[in-house]
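Please look over the structure below. A short briefing on its parts follows, grouped by topic.

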Amino acid sequence: MTTTGKVIKCKAAVAWEPNKPLVIEEIEVAPPQAKEVRIKIVATAVCHTDLYHLLENKQKDGFPIVLGHEAAGIVESVGSGVTEIQPGDKVIPLFIGQCRECRFCKSPKTNQCVDAWKGTGHHDVMAPPDSRLTCRGKTLLQLAGTGTFSEYTVVGEIAVAKIDPAAPLDKVCLLGCGVCTGYGAAVNTAKVEPGSTCAVFGLGAVGLAAVMGCKAAGAKRIIAVDINPDKFEKAKVFGATDFVNPKDHNKPISQVLSEMTDGGVDFSLECVGNVEVMRSALESCVQGWGVSVIVGWTELQNISVPPLQLIAGRTWKGSAFGGFKGRDEVPQMVKAYLNKKLKLDEFITHNMTLDQVNDAIELMKHGKCIRTVLNVSS
Ligand code: NAD
Ligand code: ZN
């Protein structure tokens, strides 16, 4: 029996309030409206940004919400005016859309589509007020306009990447956020050069993907920095050559890296989401030409640094979703994985079901996983 045009009742993990476990609920998912797509989510992974919204940012008006934004699924139905996507297509929802028409989409320099932040509209909340999801008579927000901790979700057509039908969804879901974010931050934003020396701060999936990107770009030395030494073994798999635990040193980490590299690294990437680490990453760069990229996410504090750090020739940049234009470039990243040019399986340390989402959140909170993939539906 077709579900097209009907409300779908399905299972989702609902965050009713900050800092509380998610609750598995039956929710209603309305049909897609014009230029929208309803997706059956097959697999979704847990990213630190989900934890950030639940445990750190804690804006009251950001709840109730369906978290999850790193996912893959199959199109169930499409709204009017949707031309490129059909029911049955394998897709990855995008937390940064690509309208292809605005000033930013037309520039090769950026992925900051004018509609990109519709998903995170007013930044405090990280979710647009408009949502097709309801539960117990209440509208459920969708994190970053996606909300993938659910058997079904509805997103804008501009926020859907159609991918190769051969792609295993329980692997390529990682390209919906973490892996593209870190890899692209190195390749697209930092523009890491062959023969260079790099430092990556934070070795979650985002940082490990940055390590992989540095290696792909031809870096000769990649220094992996994390306060959790359990992460170093994995970092080696992705190409890290040196390992530094800030806790092993009683001087600033920028000084440690400067001494290791004759004055500082060529490129550094902050993949933690901590303003102190952002500053350390900048100061670890060599004067004259060092480039530091902020990838980690926080809106709670400002960054500060003595201007001389920049006057001396360092460049400070930021990167969202690795600079990838999602509809055009995520399918290429899927192809790269299918052609064995990109690692994904190595990021997955745990497989669970949607019912176990709170266990997956606990694992990440305690640094016990890289990525947990939740199998949502078959
Ligand atoms: P994660 O929790 O898996 O990894 C974070 C790592 O940082 C951990 O290994 C932790 O031990 C390490 N760490 C913590 N404090 C540190 C310190 N002081 N020095 C060095 N290492 C430290 O998280 P993740 O899913 O890999 O995400 C990383 C960051 O990237 C988060 O802030 C997340 O919100 C952000 N993010 C940004 C974007 C974007 O588009 N810019 C997209 C996705 C995620
Ligand atoms: Zn993410």
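Ile 163 counts as buried, because its relative accessibility is 6% (buried means under 20% relative accessible area, exposed over 50%, partly exposed in between, with a 1.4 Å probe and protein chains only). Ile 163 sits in the loop between strand 10 (160-162) and helix 3; helices (H or I, at least four residues) and strands (E, at least two) are DSSP runs, numbered from the N terminus. This is a predicted model, in which local features need pLDDT of at least 70, side-chain atom pairs count only at pLDDT 80 or more, and totals for chains, interfaces and linings use all residues. Residues are numbered from 1 along each chain as its sequence is written, chains are lettered from A and ligands numbered from 1 in the order in which they are written, and side-chain values use heavy atoms, with hydrogens and water left out.

- Ile 163 and Val 91 are 72 residues apart in sequence, and their C-alpha atoms are 5.4 Å apart in space.
- Leaving aside neighbours within four places in sequence, Ile 163 is in contact (heavy atoms within 4.5 Å) with Lys 90, Val 91, Ile 92, Leu 169, Val 172, Pro 331 and Val 334.
- Ser 150 is found in the loop between strand 8 (138-142) and strand 9 (152-156), and it counts as buried at 0% relative accessibility.
- From C-alpha to C-alpha, Ser 150 and Val 37 are 15 Å apart in space, and in sequence they are 113 residues apart.

- His 69 lies in the loop between strand 4 (65-66) and strand 5 (70-78), and Cys 177 in the loop between helix 3 (169-172) and helix 4 (178-190), so the pair ties together parts that are 108 residues apart in sequence.
- His 69 is buried at 3% relative accessibility, and Cys 177 is buried at 5%.

- Eight of the 10 residues of helix 1 are buried, so the helix is largely enclosed by the rest of the structure.
- The buried residues are Thr 49, Asp 50, Leu 51, Tyr 52, His 53, Leu 54, Leu 55 and Asn 57.
- Strand 3 (36-45), strand 4 and helix 11 are what the buried residues of helix 1 pack against.
- The axes of helix 1 (residues 48-57) and helix 11 (residues 357-365) come within 10 Å and cross at roughly 95°; axes are lines fitted to C-alpha atoms, for helices over the stretch in contact, and angles run from 0 to 180 degrees between N-to-C directions.
- Helix 1 is therefore roughly perpendicular to helix 11 (angles under 35 degrees count as roughly parallel, over 145 as roughly antiparallel, 65 to 115 as roughly perpendicular and the rest as oblique).
- On the helix 1 side, His 48, Leu 51, Leu 54 and Leu 55 meet Ile 361, Met 364 and Lys 365 of helix 11.
- Lys 58, which follows helix 1, has a positive phi near 55°.

**Helix 4 and helix 5**

- Helix 4 packs against helix 5 (residues 205-216) at an angle of about 40°, and their axes are 7 Å apart.
- The two helices, helix 4 and helix 5, are therefore oblique to each other.

**Backbone details in loops**

- Phe 63 and Pro 64 are joined by a cis peptide bond, with omega about -10°, and Pro 64 lies in the loop between helix 1 and strand 4.
- Lys 191, a residue other than glycine, has a positive phi near 55°; Lys 191 is in the loop between helix 4 and strand 11 (197-201) and is exposed, with a relative accessible area of 51%.
- Asp 262 is not a glycine, yet its phi is positive, about 60°.
- Asp 262 belongs to the loop between helix 7 (253-260) and strand 14 (267-270), and at 76% relative accessibility it counts as exposed.
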